2 protein chains.
Amino acid sequence: MSNPENKTITTTSTIGVFDSGFGGLTVLRALLNHMPHARFAFIGDTARLPYGSKSQRTIARYAAQSARFLVNEQGAEFLVIACNTASALALDAIKEAVPVPVLGVIEPGAEAARAASRTGDVLVIATDATVQSHAYAAACGTRGLRALEKACPLLVPLVEEGWTDTADVTRGSAAQAASAPPQVAVTAEVIRIYLNELNAEAAALGMNPDTLVLGCTHYPLLRSLIERAVPPGMRVIDSAESAAETAVRLFGQQDSVALPTAPQSLRCFATDSVEKFERLGSRFLGWPVGKVELVDLGG
Amino acid sequence: MSNPENKTITTTSTIGVFDSGFGGLTVLRALLNHMPHARFAFIGDTARLPYGSKSQRTIARYAAQSARFLVNEQGAEFLVIACNTASALALDAIKEAVPVPVLGVIEPGAEAARAASRTGDVLVIATDATVQSHAYAAACGTRGLRALEKACPLLVPLVEEGWTDTADVTRGSAAQAASAPPQVAVTAEVIRIYLNELNAEAAALGMNPDTLVLGCTHYPLLRSLIERAVPPGMRVIDSAESAAETAVRLFGQQDSVALPTAPQSLRCFATDSVEKFERLGSRFLGWPVGKVELVDLGG
C-alpha cells in the first residue's frame, strides 16, 4: 500500500509512534535524538496491554485502531510501530488500515544483527507472543542468519517495578553503585537464568552465537545488566535504536544534535492509566513525558 | 439489588465465576471442593488482563460485560467475583449489571482476618489496583482492624512463569525438594523483599501485625513460600478459600466430600489465549480445565 522510501520528513511532518504501553518510548527517545525537529504523536494502548500474552487476531485489531487514531486524528504521515509484539503480529494489518508508510522494529533489529554477527548465529529475547510468531527468526533467516528466540516474561514487570540498574535509567551514565540493592540483584539473577537457558539450548543445537537482540522495547532499560550477563565478546543489539536509525534513513535527514535536548513537539496519548504513564514513562523517554491525554478507542 | 441470603444452591443451579484471567480458578477450586454437585460456569477475561494496572472506569465496564455473559448466556443464578481487583473496584457496577446475588472476595478475606487476628493489626498483599482502591483497608476497618496494604506486582508474573514451589502446585503436598532450583529461589527472594518492606513499614507505624491476607487469587500458588517468609506465628489468610466458605454459607449446603474429586459440571470460557488458559489453568484449578471456549465480549 505504501513505500516508505518515497517520503521525507519536513519540520511540519508528524511522525506517529505506537506501542501497547510505554516501553515504546525507548524508540521515541531514539527518534527524538535523531530527528529533533520533527513533530511526534505517541499513543500507548495502556487499557489493553500487555499485547505479549494476547492472540494475533486480538493484537491486529487493537493495533489497527491505534494506527487509525494517529493517522486520522493526529495527522501522522509516517508510523513507527514501537512494539515488537505488534510489529511481529500486526504489521500487515496496520499497513492495510492506514495509507501512510509504516515501519516496525523487527526488520531493523534483524538488519543490525546481520551487520554485527560474524558467526551468523544470533540469539533473540522477547515477549511470549513475539517469540511464538518467530518473526525475528524469519527476518534473520532471510538475511542468512540462524536465530534462536526465547521468551522472557518476567523482564517487563521487573522494568515496570523499577528494579533496574541506575546506569540504565540515567541515559547510560557509567556511574554505578558499588553494591547492587537486592532488587537489582533479583533482576540480574532472572537475566542470568534466562540467558543460561538460552545459551545451553544454543549449544545443544550446535550454534555459536555472537549477537543478542533485545526484541522488546522494555529491555533497553536492562541493557547494562544484560551486557554483564552475556558471554565475553557477545554483541548486544537494541532494536529500539536500530529502528530509529532506519527511520532516519527512510524518512528524514540525519540531524545530529548535542544531547540532551528537550523534545520540540510531542503529544502523548494513552487509552488508560494516564497517571502511571506519566510517572513511569519518563524513565523510558529520558524526559518528563508531560501531560498525557486520555483517548477512548472504543475497546 | 439482590440479597444473597434468600437463595440456596440446588443441583441444577449454575454458579457463575468471573476473573480477569485464570487466577480465579483457585477460588473455583475451593468452590468445587465445597459444592461438588453444583454446576459452574467460569469466564476469564484474558483478552483484557491484567485488570490490576487498569483504571476503575475500565475495570467496571469490563467486569459488567463478563457478569452479563454469565447470567444472560450461561444462566448463572449466583456470581462469585473471583478477582480481587474487580471485587475492589467493580462490585457495585456488577451488582447493578445483573439481577442475581453477587459475592466478591474482599469481604470474606477481611472477615477471615478478623477471626484470625489477636492484635487487630493485619497486612494485605495484592495487585496495584486492589491496593490503590484500599478496599481491604476499608473492609478491615469496619471490623475494627487496622490494615496495611502493599502492591506486589511481580508475584503474578512469577506464578504465571511457573517459578513456584512444587508443594503449592500439587494440592498442598508436604513433599518438597531438598534444594530449590534457582527459579524458586528468585521467587522466594522477591517475596522476602516485599514482606521485609511491608513489615518495616508496619513497624514504623507502630503496628503489631499477626495476620497476612493474600489479596490476589494468584497468591495461593505461592502459599508455602510466603509462609516460610513471614515472621513466626503470623497467620496467612487465603481470600480464595475464605470466599468459597462464604459462598457455601450464603448459597449452598456444606457438602463435604473426599478429595480429590473431578468437577461434575464445569464450562470454562475465555476472551482470548484459550491455549494458554488450558495449559496454565490446570495448575490453578488442580485439575485439567479441559476444553476452554472462546467468547467475544465486544472489547
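These legends accompany close-up views of a predicted model. Residues are numbered from 1 along each chain as its sequence is written, chains being lettered from A in the order in which they are written. Local features need pLDDT of at least 70 and side-chain atom pairs count only at pLDDT 80 or more, while totals for chains, interfaces and linings use all residues.

**View 1. The two chains and their relation.**

**View 2. The side of chain B that touches chain A.** The contact takes 22 residues from chain B and 22 residues from chain A, where two residues are in contact if their C-beta atoms, placed from the backbone, lie within 7 Å. Helix 9 (182-204) of chain B supplies at least two residues of this side, as does helix 7 (155-160) of chain B; helices are DSSP runs (H or I, at least four residues), numbered from the N terminus. Helix 9 of chain B gives the most, with 6 residues.

**View 3. Helix 1 and helix 11 of chain A.** Helix 1 (residues 25-34) of chain A packs against helix 11 (residues 239-251) of chain A at an angle of about 40°, with their axes 8 Å apart; axes are lines fitted to C-alpha atoms over the stretch in contact, and angles run from 0 to 180 degrees between N-to-C directions. Among the residues that meet are A:Ala30 and A:Leu31 in helix 1 of chain A, and A:Ala244 and A:Val248 in helix 11 of chain A.
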